[in-house]
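Hello,

Here is the structure for your files. My notes on it follow below.

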Amino acid sequence: GLERMKQLFNGRVADCPAALAAALVHGEGVFRTVLVWAGVIVDAEAQHAVLAADAQRLGLKIDPLHTWLDDSAQALAGAPRAALRWWLAGDDGGGSVRWVAASPLPADRPAHLWTQGIRVGISPVRLVAPIELAGIKHLNRLPQRLAARGWRPDQSEALMCDADGHLVCGTRSNLFWVAGGALYTPPLDRVGVKGLMHRKIGRTADTLGLRLREQRISPDPLDDAEEVFVTNSLIGLWPVRALDARQWQAPGPITRALFAALQHPLADRMRGSSCAD
């Protein structure tokens, strides 16, 4: 009978929670990637607030912060540095389940990515999604995964455009540029993720007397930019030094000022200080 039917993963019989099965099939869920540094879960309260806001957009219930912190402590098992992922997935029964996992930070990120900047490319993969998902960090990540393939050896990120050829973001980062001394970012009203670092850049720019402006552009106008950088919670901020034949000062003065004011744990790397423990 049906009660004896089983699920196999790589040939092994195992139980699969209903919410995980639904997330695999439907992509119904939201998540955050959180930096753990010196034993501290960086911006934990703010990350939970963004996760809760995204969950509300999808009609998912979320547990209070202290439950996520308790789960995180168990997942980290005392590790002082890690990439912590918080998933919230919906199930077919109208409920939701939280899922917490910790993994080591990437070990192949030398200091020059902050002090000298990165090379990026433009992905041919277009970022397309229902407008109802605009700004949410949801589980439907296949376009970003496809865009992360086939990079040249010295490339650290790929910028993605929407269906109309307008810049949106990187495969795992938000995009910003400086032109005429003003700070710009693509609007995220149609597609893309408004991450925590995106929000923090906007608030930090205000404290520096800069106003973050949204501008919908194709890649070509970046030729006139004075500085370009990308952000996410794990790296903080990477200045962009090259896109194809175009090169920029990296990091530029506004990029430096923003990163210093953000007080991100990795801001010291841009100042060229030691990255040792």
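**The sheet and its helices**

Four strands make up an open sheet, ordered β4-β3-β5-β6, with antiparallel pairing. Strands pair if DSSP finds at least two bridges between them; helices (H or I, at least four residues) and strands (E, at least two) are DSSP runs, numbered from the N terminus. β4 (40-41) and β6 (96-103) are at the edges with a single partner strand each, so one side of each has no neighbour in the sheet.

This is a predicted model, where local features need pLDDT of at least 70 and side-chain atom pairs count only at pLDDT 80 or more, while totals for chains, interfaces and linings use all residues. Residues are numbered from 1 along each chain as its sequence is written, and side-chain values use heavy atoms, leaving out hydrogens and water.

Strand β5 (residues 82-90) pairs with β6 in the antiparallel sense over 8 bridges. Leu84 is opposite Ala102 in β6. Helix α3 (residues 65-76) packs on the sheet and touches β3, β4, β5 and β6, where contact means heavy atoms within 4.5 Å. The direction of α3 makes about 35 degrees with that of β6; axes are lines fitted to C-alpha atoms, for helices over the stretch in contact, and angles run from 0 to 180 degrees between N-to-C directions. Helix α2 (residues 44-57) lies across β3 (29-37), β4 and β5, at about 175 degrees to β3.

Elsewhere, helix α6 (residues 196-207) packs against helix α7 (residues 253-262) at about 105 degrees, their axes 10 Å apart. The contact includes Met197 and Ile201 of α6 and Leu258 of α7.

Regards
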